[in-house]
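The structure comes first, and the description follows.

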Amino acid sequence: MAQRVTYRRRLSYNTKSNKIRIVKTPGGKLRALHIRKEPGRAKCGDCGAVLAGIPALNPKAFMRLSKRQKSVTRAYGGSRCGGCVRNRIVRAFLVEEQKIVKKVIKAQAAEKK
């Protein structure tokens, strides 16, 4: 019959945070090895795409990194992807252009009267 293993921590349920891998020790015994959860990747706040250049780490390890390792040197770096930043810039530019066009049309209409 196979050797049984028990959890090594107080939590005795098979939850997401209590996963184990069974390993064989040099003495030939089976032992439960608690494994960590895989950290999620940083995602763009607008489109949900995975952000390039940002490491996938748990919050504690992420906190230990320097500022340049946590973000990308760009506007909205580490929060939005490059495509979404480009779209924001273009949208802002077009809105400003639209305001100028409205002002010009209003001035031309005033001249005609």
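The side chains of arginine 80 and aspartate 46 form a salt bridge, with N and O 3.1 Å apart; the term means a side-chain nitrogen of Lys or Arg within 4 Å of a carboxyl oxygen of Asp or Glu. Arginine 80 sits in the loop between helix H2 (67-70) and helix H3 (82-112), and aspartate 46 in the loop between strand E2 (30-34) and helix H1 (59-64), so the pair ties together parts 34 residues apart in sequence. Helices (H or I, at least four residues) and strands (E, at least two) are DSSP runs, numbered from the N terminus.

This is a predicted model: local features need pLDDT of at least 70, side-chain atom pairs count only at pLDDT 80 or more, and totals for chains, interfaces and linings use all residues. Residues are numbered from 1 along each chain as its sequence is written, and side-chain values use heavy atoms, leaving out hydrogens and water.

The count comes to 3 salt bridges.

| Salt bridge | N to O distance |
|---|---|
| Arginine 80 – aspartate 46 | 3.1 Å |
| Arginine 88 – aspartate 46 | 3.2 Å |
| Lysine 99 – glutamate 96 | 3.6 Å |

Asp46, Arg80 and Arg88 are linked in a network of salt bridges. Aspartate 46 is partly exposed, at 42% relative accessible area; buried means under 20%, exposed over 50%, and partly exposed in between (1.4 Å probe, protein chains only). Lysine 99 and glutamate 96 are 3 residues apart in helix H3, which means about one helical turn separates them.

Asparagine 18, in the segment before strand E1 (20-24), is buried, with a relative accessible area of 2%.
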